[in-house]
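Hi everyone, thanks for coming. Let me walk you through a structure today, a piece at a time, and please have it open on your screen.

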Amino acid sequence: MTVRVLIVDDQALFREALATLLEVQPEIDVVGEAANGEEAVRLCAELRPDVTLMDLRMPVLDGIAATARLRAEQPGVRVLALTTFDDDEDVFAALRAGAVGYLLKDVSSTRLVEALVAAERGESVLQPSVAAKLVARVARLPAETPRPSGSPLSDRELEVVRLLADGRSNREIAKTLFLAEGTVKNLVTSVLSKLQVRDRTQAALRAKELGLF
């Protein structure tokens with residue numbers, strides 16, 4: 001199976017170059033291109049891509065606003081931010097809006113393809129510098145919610161959620177914990193359910209709030 005991808009960027013030359021790069025990858029099917037967030041929302045409704053590669057700073061409707069609209073209107077579409085900027089404001093705004101990952105435009109083609117495949121599976125994909133920002137932000141969160149007398153997570157699930165907070169993919173977690181990737185996927189699903197959150201980023205934040213690590 002291939003991952004259906006919509007490319008969203010206001011620079012036509014970059015869109016065309018990225019489409020050319022991805023179209024030769026057997027795992028990827030580029031289904032369309034959009035020049036701004038408004039056009040992206042419309043094309044997602046028409047083309048139903050699996051993943052939208054979303055630039056953030058665009059005219060008409062920026063990528064963060066477009067991501068929030070897609071999350072509300074078309075939650076089945078995964079949004080992977082692909083941008084030049086990694087400042088804190090953009091990173092956390094994109095993740096709060098519903099992006100499942102955040103990459104910079106200097107990412108390698110191999111890593112980008114891996115990220116698209118992972119995003120289609122619902123995994124979070126973060127640039128190392130972005131993962132570091134997330135971990136630093138989590139570490140600064142006040143522990144306002146008292147730690148429960150008994151953790152809702154098993155010891156293995158706690159190991160998984162700590163690695164999620166570090167921006168690890170299911171494959172990377174599986175290698176670290178010497179587990180099958182399918183087992184990790186089941187553990188992540190269990191963590192999301194027990195913490196009553198919708199994605200991996202929220203799971204890491206919620207676990208920190210509960211004092212689980």
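This is a predicted model: local features need pLDDT of at least 70, side-chain atom pairs count only at pLDDT 80 or more; totals for chains, interfaces and linings use all residues.

Residues are numbered from 1 along each chain as its sequence is written, and side-chain values use heavy atoms, with hydrogens and water left out.

Back to Thr176, which sits in helix α8. Helices (H or I, at least four residues) and strands (E, at least two) are DSSP runs, numbered from the N terminus. For the cut-offs, buried means under 20% relative accessible area, exposed means over 50%, and partly exposed is in between (1.4 Å probe, protein chains only).

Now the cores. A nonpolar core is a set of buried Ala, Val, Leu, Ile, Met, Phe, Trp, Tyr and Cys residues joined through side-chain atoms within 4.5 Å. The largest one here has 26 residues, and Val8, Met54 and Tyr102 touch the most other members. Elements giving two or more residues to this core include β1 (3–8), β4 (78–83) and α6 (128–140). There is also a second, separate core of 22 residues, with Leu112, Val113, Ala115 and Ala119 among them.

Those names bring us to helix α5. In α5, Leu112, Val113, Ala115, Leu116, Ala118 and Ala119 are buried. The helix has 12 residues and reaches 17 Å from its first C-alpha to its last, close to the 16 Å expected at 1.5 Å a residue; the expected span is 1.5 Å times one less than the number of residues. After α5 comes Gly122, whose phi is positive, near 90°.

Next, the open spaces. On a 1 Å grid over the protein atoms alone, a cavity is a set of points where a 1.4 Å probe fits but cannot get out, and a pocket is an open set with protein on both sides within 12 Å along at least five of seven lines; lining residues have an atom within 4 Å of a point. Grid points are joined across faces, edges and corners, and a volume is the space filled by probe spheres set on the points.

How much space lies in the largest pocket? About 390 Å³. Its lining has 24 residues, and Arg78, Arg121, Gly122, Glu123 and Arg198 lie nearest the centre. Helix α9 gives the largest share of that lining, five residues. By class, the lining has eight nonpolar, seven polar and nine charged residues. Here Ala, Val, Leu, Ile, Met, Phe, Trp, Tyr, Cys and Pro count as nonpolar, Asp, Glu, Lys and Arg as charged, and the others, Gly among them, as polar.

The second largest pocket holds about 280 Å³. Of its 16 lining residues, the closest to the centre are Arg111, Glu114, Ala118, Arg121 and Arg171. Our helix α5 supplies the largest share of this lining, seven residues.

Finally, a search of the whole structure finds one cavity of 30 Å³ or more. Among the residues closest to its centre are Ser124 and Arg200. Helix α10 provides the largest share of the lining, three residues.
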